[in-house]
Amino acid sequence: TAPQFSGRIVGGHEATAHSWPWQVLFEAGGTCGGTLINAEYVLTAAHCINPKDSSAITITAGMHNMELDETTETTRQVRHAQRVTVHPGYNLDTIKNDLALVRLAEPVQFNKNVQPACLPGPDPEPGSEVVLIGWGVTITGGEISPVLKQTEVQVIDHCDEYWTEVDDATQLCFKDKTLTSASCQGDSGGPALQEHDGQWVLEGITSFGRNVCEVIEHGFPDVYTRVSAFLPWINSVIDQ
């Protein structure tokens, strides 16, 4: 089965406004998601961005409703990219090592609506619940949801039963047991989060799935970049 870059939340429900303050919107020709990990850096998928034209990337934090403008949704902070660092092992053909760090030209200002996510410690256990976030569509090719959505899925093991090319050491698979929600084209780079001791931890970055969004029809899990596998690289880029 050929993978398709993953994205929009399918199914799910509207998130409480600004309840996920590390979620950002990427605009670089198309739209992607991303996650603030500190005031200067956003973590996203490598396939979302063109590092040769980082100045064309716009990052918006503090957004909930895309249909509103900045004068109405005053929580927004808009930034441009100063530098993009794609993982050196990123492979477009296999979609391995699908992550990139974007340094903002100006740091965001933290407040109750704009906060960083925590980087992971222990990996999520198979069967445990993870929350996916994004601006969604309901069917393949549908309209973007104006509001941020979320859906709850479970970590699965034996992902190679669906995707023979998946590397468990560097990738995670999530699936909704009820087969009613998932991510689909458009929210690539967005976060998969799990709560640990009252803190939300960034476990995965949306990478790819089937090119059919109606989960109930195919039952394939979505594949995410396993953030914990790349902590040394992330820290080395931030420390430059």
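Good morning. A search of the whole structure finds three salt bridges, a salt bridge being a side-chain nitrogen of Lys or Arg within 4 Å of a carboxyl oxygen of Asp or Glu. Before I take them in turn, a word on the source. This is a predicted model, in which local features need pLDDT of at least 70 and side-chain atom pairs count only at pLDDT 80 or more, while totals for chains, interfaces and linings use all residues. Residues are numbered from 1 along each chain as its sequence is written, and side-chain values use heavy atoms, with hydrogens and water left out.

I begin with Arg-103. Its salt-bridge partner is Glu-40, and the closest N and O atoms are 3.3 Å apart. Arg-103 belongs to strand 9 (residues 100–104), whereas Glu-40 sits in the loop between strand 5 (30–36) and strand 6 (41–44), so this pair ties together parts that are 63 residues apart in sequence. Strands here are DSSP runs of E, at least two residues long, numbered from the N terminus. Glu-40 has a relative accessible area of 29% and is partly exposed; buried means under 20% relative accessible area, exposed over 50%, and partly exposed in between, with a 1.4 Å probe and protein chains only.

Arg-76 forms a salt bridge with Glu-73, with 2.6 Å between the closest N and O atoms. Both Arg-76 and Glu-73 are buried.

The remaining bridge joins Arg-226 to Asp-123, where the closest N and O atoms lie 3.2 Å apart. What does this pair tie together? Arg-226 lies in strand 16 (residues 222–226) and Asp-123 in the loop between strand 9 and strand 10 (129–135), so the pair links parts that are 103 residues apart in sequence. Arg-226 counts as buried at 13% relative accessibility, whereas Asp-123, at 35%, counts as partly exposed.

Let me turn to the barrel. Six strands close into it in the order 4-5-6-9-8-7, with antiparallel pairing. Neighbouring strands of this sheet are turned by 40° against each other on average, direction ignored; the axes are lines fitted to C-alpha atoms, and angles run from 0 to 180 degrees between N-to-C directions. Two strands count as paired if DSSP finds at least two bridges between them. Strand 4 (residues 23–28) and strand 5 pair in the antiparallel sense over six bridges. Ala-28 has Gly-30, in strand 5, as its bridge partner.

Next, the loop between strand 5 and strand 6, where Ile-37 is placed. Ile-37 is buried, its relative accessible area being 11%. Which residues does Ile-37 touch, not counting those up to four places away in sequence? They are Leu-43, Leu-101, Pro-116, Ala-117, Leu-119, Leu-202, Ile-234 and Ile-238, where contact means heavy atoms within 4.5 Å. Ile-37 and Leu-202 are 165 residues apart in sequence, yet 8.8 Å apart in space, C-alpha to C-alpha.

Finally, backbone geometry. Most residues other than glycine have a negative phi. Ile-95, in the loop between strand 8 (77–86) and strand 9, has a positive phi near 60°. Ile-95 is buried, with a relative accessible area of 5%. Asn-97 is also found in the loop between strand 8 and strand 9, and has a positive phi of about 55° although it is not a glycine. At 19% relative accessibility, Asn-97 counts as buried. Thank you.

How values were computed. Helices (H or I, at least four residues) and strands (E, at least two) are DSSP runs, numbered from the N terminus.
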